[in-house]
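User: I have a few quick questions about this structure. Can you walk me through it?

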Amino acid sequence: MDSGNSSTTEFLCVKGCGFYGASENRNMCSKCYLDFIKNDMTANSRSAETQKSESMEKAITAEIEEKSESIIEEGGSSKNRCENCNKKVGLTGFKCRCGKLLCGMHRYPQEHSCDFDFKDSDRRVLAKQNVIVKGDKMDDRI
């Protein structure tokens, strides 16, 4: 009466634990199959983490290289020098609000023909800092 169905045949677990395996579980018992899945998932997550860390490392090194190249291009000839008279200023240089690095002689806006609008900038700062105070519109309120 046996119809020759191979799914009814029983075989031992491939891992050798002594239990019977199933073809759905890659010829392993349920316990060994669950352990196999857990190990596979942790290996995949570790590889994903290492790939993420490697990609972050590459991105950081690329960013550092770009910044160092831009610093070399920008500051090649004007390294800590006054932008008006080209005098070396070292650590005593003054940074104007217009973005220029200047010596003590040219630190004032009228000395280096500054194009920064100080009035408008200060008005915006005051508008942000000062709250508008209005009187109560309802006179009959107590």
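User: Where is S113?

Analyst: S113 sits in the loop between β4 and α2. Strands here are DSSP runs of E with at least two residues, helices are runs of H or I with at least four, and both are numbered from the N terminus.

User: What should I know about the model itself?

Analyst: It is a predicted model: local features need pLDDT of at least 70, side-chain atom pairs count only at pLDDT 80 or more, and totals for chains, interfaces and linings use all residues. Residues are numbered from 1 along each chain as its sequence is written, and side-chain values use heavy atoms, with hydrogens and water left out.

User: Back to S113. Buried or exposed?

Analyst: S113 counts as exposed, at 60% relative accessibility. The cut-offs are under 20% relative accessible area for buried, over 50% for exposed, and partly exposed in between, with a 1.4 Å probe and protein chains only.

User: What is its phi?

Analyst: Phi of S113 is near 45°, a positive value in a residue other than glycine. Most residues other than glycine have a negative phi.

User: What about phi of R26?

Analyst: R26 has a positive phi too, near 60°. R26 is in the loop between β2 and α1. R26 is exposed, with a relative accessible area of 54%.

User: And N25, where does that lie?

Analyst: N25 is in the loop between β2 (20-21) and α1 (30-74). N25 is buried, at 18% relative accessible area.

User: What does N25 contact, beyond neighbours within four places in sequence?

Analyst: S30 and Y33. Contact means heavy atoms within 4.5 Å.

User: New topic. How many salt bridges?

Analyst: Three. The rule asks for a side-chain nitrogen of Lys or Arg within 4 Å of a carboxyl oxygen of Asp or Glu.

User: Which residue does D122 pair with?

Analyst: D122 pairs with R97, with the closest N and O atoms 3.5 Å apart. D122 lies in helix α2 (residues 118-129) and R97 in the loop between β3 (94-95) and β4 (101-102), so the pair ties together parts that are 25 residues apart in sequence. D122 is partly exposed at 36%, and R97 is partly exposed at 46%.

User: What does K31 bridge to?

Analyst: K31 bridges to D35, at 3.6 Å between the closest N and O atoms. K31 and D35 are four residues apart in helix α1, so about one helical turn separates them. K31 is exposed at 56%, while D35 is partly exposed at 33%.

User: And R124?

Analyst: The side chain of R124 meets that of D120 in a salt bridge, 2.7 Å from N to O. Both lie in helix α2, four residues apart, about one turn.

User: How about C85?

Analyst: Its closest cysteine sulfur is in C82, 3.7 Å away, again too far for a bond. C85 is partly exposed at 36%.

User: Which residues make up the largest nonpolar core?

Analyst: Six residues: C82, V89, C96, L102, C103 and C114. Such a core is a set of buried Ala, Val, Leu, Ile, Met, Phe, Trp, Tyr and Cys residues joined through side-chain atoms within 4.5 Å.

User: And what does V89 touch?

Analyst: Leaving out residues up to four places away in sequence, V89 touches N80, R81, C82, L101, L102 and C103.

Methods: Disulfide = S-S within 2.5 Å.
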